[in-house]
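Biologist: Hi! I'm new to this one, could you show it to me and walk me through it?

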Amino acid sequence: MSKPMPRITAVNRPYWEGCNADKLMLQRCTAADCGQYIFYPRVCCPHCGDGDPVWEQVSGRGQVLSYTLVQRPHHESFYAEAPFVFAAVTLEEGPLIYGRIEIDAAEAEGLNGRPVAIVFRDDQLPGQKLPFFRLTA
Amino acid sequence: MTDHPFDGVRIVGVGQTLYEKRSQKPIHRILWEAADLALKSAGLKWRQADGLALTSFVLPPDNVATVAEHFGLEARFLFQGLYGGASGIIGMMHAARAIRDGDAEVVICLAGDAFDVAAHNEMLDRFNGSVRDYLSPYGFGGANGMFALHTRLYMERNGATREDFGRLCVAQRENALRNPNALFKEPLTMDAYLNAREIADPLRLYDCVMPCFGGDCIILASEKVARTLKGPQLRILGGGEYHNFPANDVYSLSAGWEGFSDRMYSRAGIGPKDLHFAQLYDDYPVMEYIQLEGMQISPKGKTHEWLRKTDVTWKGEMPINTGGGQLSAGQAGASGGMIGVVEGVLQLRGEGGERQVKCQRGVVSGYGMVAYGRGLSASAAILERID
């Protein structure tokens, strides 16, 4: 059974193409009084409403905000990999991004607040690398 | 005269189909049965209805207009809920405004769905663009995975334990045992709750709802029509909706209720202490915590402590989800946004059977449209019996 694929569109193509080049690309608002980073990709800045965000490569570093050990995935294509850790990560640049953490289920304790760095895996989806996270330090 | 926002509008009927794990019934039949029961309870005939507010996930390619045609309704007012489990109450309030302003006389407020677990998961994978593109490719665990993150955060920030969430689940099961329509027929002990199958840590089986088939309906009528009817009558004292609140902040452990409850109470002319029950949207116990706090029924960040000393069963001092809620009666898709309204209306009409609460007024609330990490839409309303 194949895994659910993202739909790549004019709005998010730089993000997904960046993943394939091992780069985390985020949008950033260009309004003088805003300048915030944006994720998920949008046609405008959700912080101030400005319409000219630009793409920038960012650090790929962040901190675990919260996580779960998924024992029972909602989609059959993930059954063989369960249990695995799914987490919300706050990137250094501000935005919230979701991903899995490469860690054994037995070590999935007290992860909130731990520093992580992004890695791009090519073994998940056909032709599309998918960002994962690794614990650092 | 007071200046309640929904003056001149009455709730005059209520109906609910049996909740079933599986059914061969087409969705249109489930919806018709719930509406037919509600019209009969009001003493109204189908041809007296001139409005329909409808929410159902499995309905497309049909919609509220084609369902009106299917039922043979000539409708002056239609509403289709696009806010998941917040839609039932939002539709009811839109219908109440239409009646108040003279656009319609009798509106059927209806929700229903036909879901098994597989169909529910399939829908959720593509629920909206952000879920499809930035959550589903990770096998995020569906809504269970999403709300596991909120539950863990509430526990870590406030010192709540799994047992504290279990208190709600165990109490609601006790309520469900007195509701003949509920799917779960066996008592739930705290031990069974704590040791149930792991789903998405810290959530286990009884933190999660059971997708099922069913429909829920209430009937709104103008005061003029209501005067011709014999049954008990209720009014809507106040209500509210709030979406994407707070914006750009997924993990505030808050949602729209905190943004509108002051206004809801002030327009209703009562406070949280004057409520006799709360019928909450219980997709997960942590969301009930957030509703209780947002509507000022329990103290912010301390709902776990409040629950340790408050009986929330049907016979307690603050009854919650007196029919068992979605956690113990079942989640019939979009009906999850109406099951609490139906239970509240039954209670206020004195039709609560073995679980009847002594009550004059109570609050009902809804929540829905899970998107990037949380549900976006919150709604609530205060209902009161007119003696």
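Predicted model: local features only at pLDDT ≥ 70, side-chain atom pairs only at ≥ 80, totals over all residues.

Biologist: Thanks! How many helices and strands does chain A have?

Modeller: Chain A has one helix and eight strands. Reading from the N terminus, the order is α-β-β-β-β-β-β-β-β. The radius of gyration of chain A is 16 Å, close to the 14 Å from the globule rule for 137 residues, so chain A is as compact as a globular protein of that length.

Biologist: And what does the C-alpha trace of chain A span along its principal axes?

Modeller: About 45 × 35 × 25 Å.

Biologist: What share of the residues in chain A is buried?

Modeller: Buried residues account for 36% of the 137 in chain A. As for contacts in chain A between residues at least 6 apart in sequence, 51% of them join residues at least 24 apart.

Biologist: Let's talk sheets. What is the strand order in the open sheet of three strands?

Modeller: The order is S2-S1-S3, in chain A, and the pairing is antiparallel. In general, strands of a sheet pair through backbone hydrogen bonds, either parallel or antiparallel.

Biologist: Which strands stand at the edges there?

Modeller: Those are S2 (37–38) and S3 (54–57) of chain A. Each has a single partner strand, so one side of each is left without a neighbour in the sheet.

Biologist: How many bridges join S1(A) to S2(A)?

Modeller: Two bridges join them, with S1 of chain A covering residues 25–28. As an example to look for, Gln27(A) has Ile38(A) in S2(A) as its bridge partner.

Biologist: Changing topic: how many residues does each chain bring to the contact?

Modeller: Chain B brings 32 residues and chain A brings 31. On the chain B side, helices H4 (117–125), H5 (129–134) and H6 (142–158) and strand S5 (198–201) each supply at least two residues.

Biologist: Which of those gives the most?

Modeller: H6(B) does, with eight residues on the side of chain B that touches chain A. By class, that side of chain B has 15 nonpolar, ten polar and seven charged residues.

Biologist: Nice. In which sense do S4 of chain A and S5(B) pair?

Modeller: Antiparallel, over two bridges, with S4 of chain A covering residues 61–70.

Methods:
Residues numbered from 1 in each chain as written. Chains lettered and ligands numbered in written order. Helix = DSSP H or I, 4+ residues; strand = E, 2+ residues; numbered from the N terminus. Rg over C-alpha atoms; globule rule 2.2 N^0.38 Å. Buried ≥ 20, exposed ≤ 12 C-beta atoms within 10 Å, placed from the backbone. Contact = placed C-beta atoms within 7 Å. Nonpolar A, V, L, I, M, F, W, Y, C, P; charged D, E, K, R; others polar. Pairing = 2+ DSSP bridges.
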